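Student: I would like to learn how to read the features of a protein model. Could we go through one together?

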Amino acid sequence: MRIVVLTGAGISAESGVPTFRDDGGLWEGHRVEDVATPEAFARDPLTVQRFYDARRRAAASARPNPAHLALARLERRLGDDLLVVTQNIDDLHEQAGSTRVVHMHGRLDTALCEACGARMPVPGDLADDATCPVCGARALRPDVVWFGERPYELDRIDLALAACDRFVAIGTSGAVYPAAGFVLTAAGFGAATLELNLVESEVSLLFDEVRHGLAGMLVPAWVDEVLQAIGPGTP
Ligand code: BV8
């Protein structure tokens, strides 16, 4: 059974990482245009760098919750037949043990040099305007995909969506494209689709099945169901 899982900020909420659009979410206090666009970065780089430096510091103390751990358990059984596509820029899937993870909107722990394109582990707060270790330019930015920028690894994602038997979205509001449209792509290729979310999302109607609740409860239960259905792996 081939499965593609799309995760959003809701899967990290129980780990203490704020979501974007819930009450008290990240965007409050910041208009999206003020921090998550190339124009905002060009206009006021320090504000944008500080926004991501604060999120990086907050994410450093976050730990995986049962939802992340359940997906890692599922990967141990399914191997290459499971792909996790995350919109999140934290590393909680990796901390939980998942290895097959696509960060389509980038990662907090990586910096990107706008001058030479090099990527590297973030050398501390980017607001300190460190120089690129490769080309020496003071041109490091967060390696995240802002609005208007092309998400990463879309070709790989599209191939996985076309080949999967099941598509499951976890903890995402369905507010941002192209991620919000993945359910239609998967369904168009015959996949069964399931949404696991706290409340109705903007695309719930596009799913075969929707379950409402906390990811920390819904995801382990769903993984148990799948493991039950496919039986024990070859030892
Ligand atoms: C692109 C950056 C071109 C890093 C982010 C008009 C119509 C359609 C599209 C557009 C349009 N105008 C512009 C666009 C395109 C635009 C877009 O979609 N805009 C929206 C606002 C309309 N998209 C883009 O610009 C994208 N790029 O289109 O390029 C292109 C495309 C294809 C090919 C070539 C070129 C780039 C989008 C990426 C933007 N960057 N983040 C960062 O700062 O993090 S987006 C940001 O919001 C996050 O990364 C995340 O991906 C995204 C969505 O947030 P969610 O993860 O869903 O989080 P949210 O808070 O919204 O929801 C959480 C959910 O969890 C809630 O439903 C809640 O109920 C639930 N929940 C909460 N707690 C729990 C829970 N569920 C379970 N358990 C819990 N405990």
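Student: Which residue lies over the face of W146, and at what distance from the ring centre?

Tutor: Keep in mind that this is a predicted model. A charge is judged against a ring by how far it sits from the ring centre and from the ring normal. Here R141 lies over the face of W146, at 3.8 Å from the ring centre.

Student: How many aromatic pairs does the structure hold?

Tutor: A pair of aromatic rings is described by the distance of the centres and the angle of the planes. The structure holds 4 aromatic pairs. In one of them, F41 and W146 have ring centres 5.2 Å apart and planes at 40°, so this pair is tilted.

Student: Where in the chain do F41 and W146 lie?

Tutor: F41 belongs to helix α2, residues 38-43, while W146 is in the loop between β6 (140-144) and α6 (154-163). The pair therefore ties together parts that are 105 residues apart in sequence. Both F41 and W146 are buried.

Student: What are the distance and angle for the rings of F167 and F207?

Tutor: Their centres are 6.2 Å apart and their planes at 25°, so the pair is stacked. The cut-off that matters is that planes under 30 degrees apart count as stacked. This pair also links distant parts of the chain: F167 is in strand β7 (residues 166-170) and F207 in the loop between β8 (192-197) and β9 (209-212), 40 residues apart. F167 and F207 are both buried.

Student: Which residues form one aromatic cluster with W146?

Tutor: The cluster consists of F41, F51, Y52 and W146. Y52 sits in helix α3, residues 45-60.

Student: Is Y52 buried or exposed?

Tutor: Buried means under 20% relative accessible area. Y52 has 3% relative accessibility, so it counts as buried. Not counting residues up to four places away in sequence, Y52 touches V35, A36, I89, L108, P142, V144 and W146.

Student: What feature does UniProt place at Y52 and R55?

Tutor: An unreviewed UniProt entry places the feature "binding site" at Y52 and R55. Such annotations may be inferred rather than shown by experiment. In the model, R55 is found in helix α3. R55 is buried, with a relative accessible area of 13%.

Student: Where is the place of H105, and which residues is H105 in contact with?

Tutor: H105 is in the loop between β3 (101-103) and β4 (106-113). With its neighbours within four places in sequence left aside, H105 is in contact with T86, Q87, I89, D143, V144, V145, P151 and V176. At 13% relative accessibility, H105 counts as buried.

Student: Now the whole chain. How many helices and strands does the protein chain have?

Tutor: The secondary structure comes to 8 helices and 9 strands. Buried residues make up 50% of the 235 residues. Among contacts with a separation of 6 or more, 63% are between residues 24 or more positions apart.

Student: What radius of gyration does the protein chain have, and what would a compact globule have?

Tutor: A compact globule with 235 residues would have a radius of gyration near 18 Å, and the protein chain has 18 Å, so the two agree. Along its principal axes, the C-alpha trace spans about 55 × 40 × 35 Å. The accessible surface of the protein chain comes to about 10,900 Å², of which 54% belongs to carbon and sulfur atoms.

How values were computed. Residues are numbered from 1 along each chain as its sequence is written. This is a predicted model: local features need pLDDT of at least 70, side-chain atom pairs count only at pLDDT 80 or more; totals for chains, interfaces and linings use all residues. Side-chain values use heavy atoms; hydrogens and water are left out. Rings of Phe, Tyr and Trp (its six-membered ring) pair if their centres lie within 6.5 Å; planes under 30 degrees apart count as stacked, over 60 as edge-to-face and the rest as tilted. Helices (H or I, at least four residues) and strands (E, at least two) are DSSP runs, numbered from the N terminus. Buried means under 20% relative accessible area, exposed over 50%, partly exposed in between (1.4 Å probe, protein chains only). A charge sits over a ring if NZ of Lys or CZ of Arg is within 6 Å of the ring centre and within 35 degrees of the ring normal. The radius of gyration is taken over C-alpha atoms; the globule rule is 2.2 Å times the number of residues to the power 0.38. Contact means heavy atoms within 4.5 Å. Accessible areas come from the Shrake-Rupley method with a 1.4 Å probe; for residues, only the protein chains shown count as cover.
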